[in-house]
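Here are some quick notes to read with the viewer open. Could you go through them point by point and check each one against the coordinates?

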Amino acid sequence: MDAEPDTWDVNDSWGVSGQQLFVDVDSDRASLSGIRTAEVASTLDAYYSGKLLTMYREGDRQIPVYFRLKPESRQSLGAVNSSHIESRVGKISLAAIANVEPQWRLETIDRRDGNRTIEVRSRINYGASGNDITNRVFHCEAMEQVKAELPPGFRIEIGGALEESMKAQGKMFRSFGMSFIAIVLLLIFQFNSLSRTSIIMVTLPLALVGALFGLWVTNNAFGFMPQLGVLALFGIVLNSAILFVEFADIVVEQTSTEKDRPLTRSEYHAAIVDAARQRLMPIFLTTATTVGGLVPLALAGGPLWQGLAWLLIYGLTFATALTLFVIPVLYSFQSPSSRLREANNPIPTPSV
């Protein structure tokens with residue numbers, strides 16, 4: 001991690017060792033004396049930390065009363081060895097049943113999901129992506145060598161912001177899957193046509209092309225915020241596509257009503273072009289105002305918002321061309337006669 005150019009203040013949670021008094025109780029001698037290990041621990045804890053006996057009330061205040069050795073008896077750690085433990089046969093010196101010796105041990109032990117853990121952390125330079133740095137470190141050649149040399153029972157996992165981002169992505173993709181199915185069903189119920197539903201849904205992957213191109217041009221990672229931007233982009237694109245298809249249906253039906261006959265292929269295409277021409281200004285103004293509002297966020301929004309803003313700017317610009325060119329072309333592939341039957345919903349009568 002220290003080899004990364006955008007990291008600094010690399011540190012870990014191992015910390016430094018502290019000198020501690022280790023009380024090693026001899027189970028055989030303790031059993032003969034009728035003393036349990038828990039009793040030794042509770043007695044020493046009461047001597048040096050204190051044991052709550054009662055609460056003394058003074059007016060509206062409650063003052064805790066603890067049992068503890070006098071301060072002069074607690075100043076020397078060597079006095080621990082001469083402490084006495086209560087037993088069934090009386091007081092027994094701690095030295096008679098245990099060995100007390102100072103040892104250098106870890107002051108703190110971090111745990112993660114119940115496992116002892118050492119975290120390696122660092123700070124990053126302004127504008128750098130922590131997720132990208134973590135991915136580079138986790139998949140570099142030096143990390144593969146460290147993994148190969150790990151003893152049994154040890155493993156290396158990704159943590160921090162990238163871990164939370166991966167968890168959020170899983171939940172978001174599940175929600176997106178359910179939302180996608182719901183959108184398809186609603187479109188089928190609204191238009192009563194699989195072909196028009198397919199035309200609207202085809203715009204989603206095409207709009208994603210412009211969004212990803214925008215991230216590539218601006219050198220932004222496809223992180224959590226840009227992924228939220230993709231969902232927002234899909235909603236805008238679907239809205240524009242639905243409005244155009246609905247408006248095209250109205251124009252085609254009005255044209256057929258004016259001519260009082262089914263439309264020919266050329267007349268059908270002319271009606272679609274007329275619908276696209278009428279929708280040109282509303283779609284352009286909607287896109288221009290949205291993109292204009294996102295430009296300040298893209299230029300000065302910081303690492304958190306720049307990726308999302310640039311994705312929406314490029315995605316909306318590309319989606320506008322989709323709405324005005326690709327959707328009319330796909331819409332024109334339908335047969336004029338079948339399209340009019342769908343619009344008018346006639347009930348066929350059997351001929352005799």
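1. Let's start at arginine 112, which is partly exposed with a relative accessible area of 24%. (The scale: buried is under 20% relative accessible area, exposed is over 50%, and partly exposed is whatever falls in between, using a 1.4 Å probe and protein chains only.) Bear in mind that this is a predicted model, in which local features need pLDDT of at least 70 and side-chain atom pairs count only at pLDDT 80 or more, while totals for chains, interfaces and linings use all residues. Numbering runs from 1 along each chain as its sequence is written, and side-chain values use heavy atoms, with hydrogens and water left out.

2. What does arginine 112 pair with? Its salt-bridge partner is glutamate 157, and the closest N and O atoms are 3.2 Å apart. The term here means a side-chain nitrogen of Lys or Arg within 4 Å of a carboxyl oxygen of Asp or Glu. This pair links distant parts of the chain, 45 residues apart: arginine 112 is in strand S8 (residues 110–112), and glutamate 157 is in the loop between helix H4 (141–148) and helix H5 (160–191). (Helices are DSSP runs of H or I with at least four residues, strands are E runs with at least two, and both are numbered from the N terminus.) Glutamate 157 is partly exposed too, at 42% relative accessible area.

3. Some other pairs to look at. How many salt bridges are there by this rule? The count comes to 8. Among them is glutamate 58 with arginine 61, where the closest N and O atoms are 2.9 Å apart. Both ends are partly exposed: glutamate 58 has a relative accessible area of 38%, and arginine 61 comes in at 48%.

4. Arginine 277 and aspartate 274 form another salt bridge, with the closest N and O atoms 3.6 Å apart. The two are 3 residues apart in helix H8, so about one helical turn separates them. Arginine 277 counts as exposed at 54% relative accessibility, whereas aspartate 274 is partly exposed at 29%. Separately, salt bridges that share partners join Arg112, Arg155 and Glu157 into one network.

5. Now the helix packing. Two packed helices are described by the angle between their axes and the distance between the axes. The axes of H5 and H7 cross at roughly 5° and come within 11 Å, which makes H5 roughly parallel to H7. (Axes are lines fitted to C-alpha atoms, for helices over the stretch in contact, and angles between N-to-C directions run from 0 to 180 degrees. Under 35 degrees is roughly parallel, over 145 roughly antiparallel, 65 to 115 roughly perpendicular, and the rest oblique.)

6. On the H5 side of this contact (heavy atoms within 4.5 Å) you'll find residues including Met172, Phe173, Phe176 and Leu187, and on the H7 side residues including Leu231, Phe234, Leu238 and Glu246. By class, the contact of H5 with H7 has 14 nonpolar, 4 polar and 2 charged residues. (Ala, Val, Leu, Ile, Met, Phe, Trp, Tyr, Cys and Pro count as nonpolar, Asp, Glu, Lys and Arg as charged, and the others, Gly among them, as polar.)

7. Glutamate 246 of helix H7 is worth a click. It is partly exposed at 34% relative accessibility. Leaving aside neighbours within four places in sequence, glutamate 246 touches Gln190 and Phe191. From glutamate 246 to arginine 196 is 50 residues in sequence and 9.7 Å in space, C-alpha to C-alpha.

8. H7 (residues 224–259) also packs against H8 (residues 265–300), with an angle of about 130° and axes 9 Å apart. The two are therefore oblique to each other. The contact includes Phe244, Phe247 and Lys259 from H7, and Glu267, Tyr268 and Asp274 from H8. It divides into 11 nonpolar, 2 polar and 4 charged residues.

9. Finally, a backbone check. Most residues other than glycine have a negative phi. Which way does phi go at aspartate 9, positive or negative? It is positive, near 55°; aspartate 9 is found in strand S1 (residues 7–12) and is partly exposed at 44% relative accessibility. Aspartate 113 also has a positive phi, near 55°. It lies in the loop between S8 and strand S9 (115–117) and counts as exposed at 74% relative accessibility.
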